[in-house]
Every structure is written in C-alpha cells, then in structure tokens.
Amino acid sequence: MDKAAFPDLSLEEIEKVRAKNAVPFNGQIDAHSHLKDVVAPAFMRRPGSELPVPDRVEKHDRLLSPTEACKRLLAALGRREDINYYELMTSDYPDGITETVLDTLIAMLRDDPGCIARKQSCR
C-alpha cells in the first residue's frame, strides 16, 4: 500500500517521507470532497413540546449606600468645588439612594449645576 501511495520512492525513502507526514498520492486525493455538497441545517427542531413559561423577569432597583453614590457622582460629574457629594448624599438620602434616582440626580446636576447651591430640590 505504501508503494501505491508513493510510487516513485523506495521503501526506505517511503519511511522517511511518512515520518515527515508527506501527502500521499501526490495530493490528488481529497479525503473531504464528499462534504462539499452537504448543506448544514440552520436550525434543528428538538423533539418534544415547548413549555408555556410566564414572563417573570422583574428588575429590582439596587439601593446604593451614600459612599457608593458619591463614587458614582464623582465618576459622572467629576470633582466640583461647589458640591460636597458626601454631605448631599448623607443629608438628603441617609439610608441610601436607588440607582434610578441617582441617575436622575446626575442628569439634573448636569443640566442645572447651581440647584444645590440655591438649596433647591434636585430630586
């Protein structure tokens, strides 16, 4: 069989060529040619039936501590001389602030930076 795969070589040369993983039959044989015409399905239906599952995804608003809220304010607005973020959080939200309320507060402070200085409600 080795002689058929490498017709021009002696047995010693065939052993050397096989050790180097040379392509037999001068590369004329394509071992995967039968796979060219195979069309893979885009979706394979699984046996069985679908279960009716109710949509119970609920998003809970996370409560941030005043320190976490200060970090977010600092990241969003940068350091500002006119606002002490920690005093703001501990005086207005001593038990913490939810993420949505904090996002609203950040938006208001961006739009009207003086609302804290004027002691207006920025909620």
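This is a predicted model: local features need pLDDT of at least 70, side-chain atom pairs count only at pLDDT 80 or more; totals for chains, interfaces and linings use all residues.

**Fold and ground rules**

I started with secondary structure and found five helices and two strands in the chain. Here helices (H or I, at least four residues) and strands (E, at least two) are DSSP runs, numbered from the N terminus. Going along the sequence, I read the pattern as α-α-β-α-α-β-α.

Residues are numbered from 1 along each chain as its sequence is written, and side-chain values use heavy atoms, with hydrogens and water left out.

**Overall shape**

I checked the radius of gyration next: the chain has 36 Å, whereas a compact globule of 123 residues would be near 14 Å. That radius is taken over C-alpha atoms, and the globule rule is 2.2 Å times the number of residues to the power 0.38. The C-alpha trace spans about 95 × 45 × 25 Å along its principal axes.

Then burial: 20% of the 123 residues count as buried. For my own reference, buried is under 20% relative accessible area, exposed is over 50%, and partly exposed is in between (1.4 Å probe, protein chains only). The accessible surface of the chain comes to about 10,500 Å², with 53% of that belonging to carbon and sulfur atoms; such areas come from the Shrake-Rupley method with a 1.4 Å probe, and for residues only the protein chains shown count as cover.

I looked at contacts too (heavy atoms within 4.5 Å). Of those between residues at least 6 apart in sequence, 47% join residues at least 24 apart.

**Charges and salt bridges**

I counted 18 positive and 21 negative side chains, and the centres of the two sets lie 1 Å apart. Lys and Arg count as positive and Asp and Glu as negative, with His and the chain ends not counted; the place of a charge is NZ of Lys, CZ of Arg, CG of Asp or CD of Glu.

How many salt bridges does the structure hold? I get three, a salt bridge being a side-chain nitrogen of Lys or Arg within 4 Å of a carboxyl oxygen of Asp or Glu.

- Glu68 and Arg62 pair at 2.8 Å, N to O. Glu68 is partly exposed at 31% relative accessible area, and Arg62 is partly exposed at 40%.
- Arg62 also meets Glu99, at 3.9 Å, N to O. Arg62 sits in the loop between α2 (11-19) and β1 (63-64) and Glu99 in helix α5 (residues 99-111), so this pair ties together parts 37 residues apart in sequence.
- Arg72 and Glu99 meet at 3.4 Å, N to O. That pair links distant parts of the chain, with Arg72 in helix α3 (residues 66-77) and Glu99 in helix α5, 27 residues apart. Arg72 is partly exposed at 35%.

Shared partners join Arg62, Glu68, Arg72 and Glu99 into one network.

I flagged Asn21, which has a positive phi of about 60° although it is not a glycine. Asn21 lies in the loop between α2 and β1 and is exposed at 67% relative accessible area.

Last, I looked up Ser91, in helix α4 (residues 85-92). Ser91 counts as exposed, at 53%. Its C-alpha and that of Pro66, 25 residues apart along the chain, are separated by 9.6 Å.
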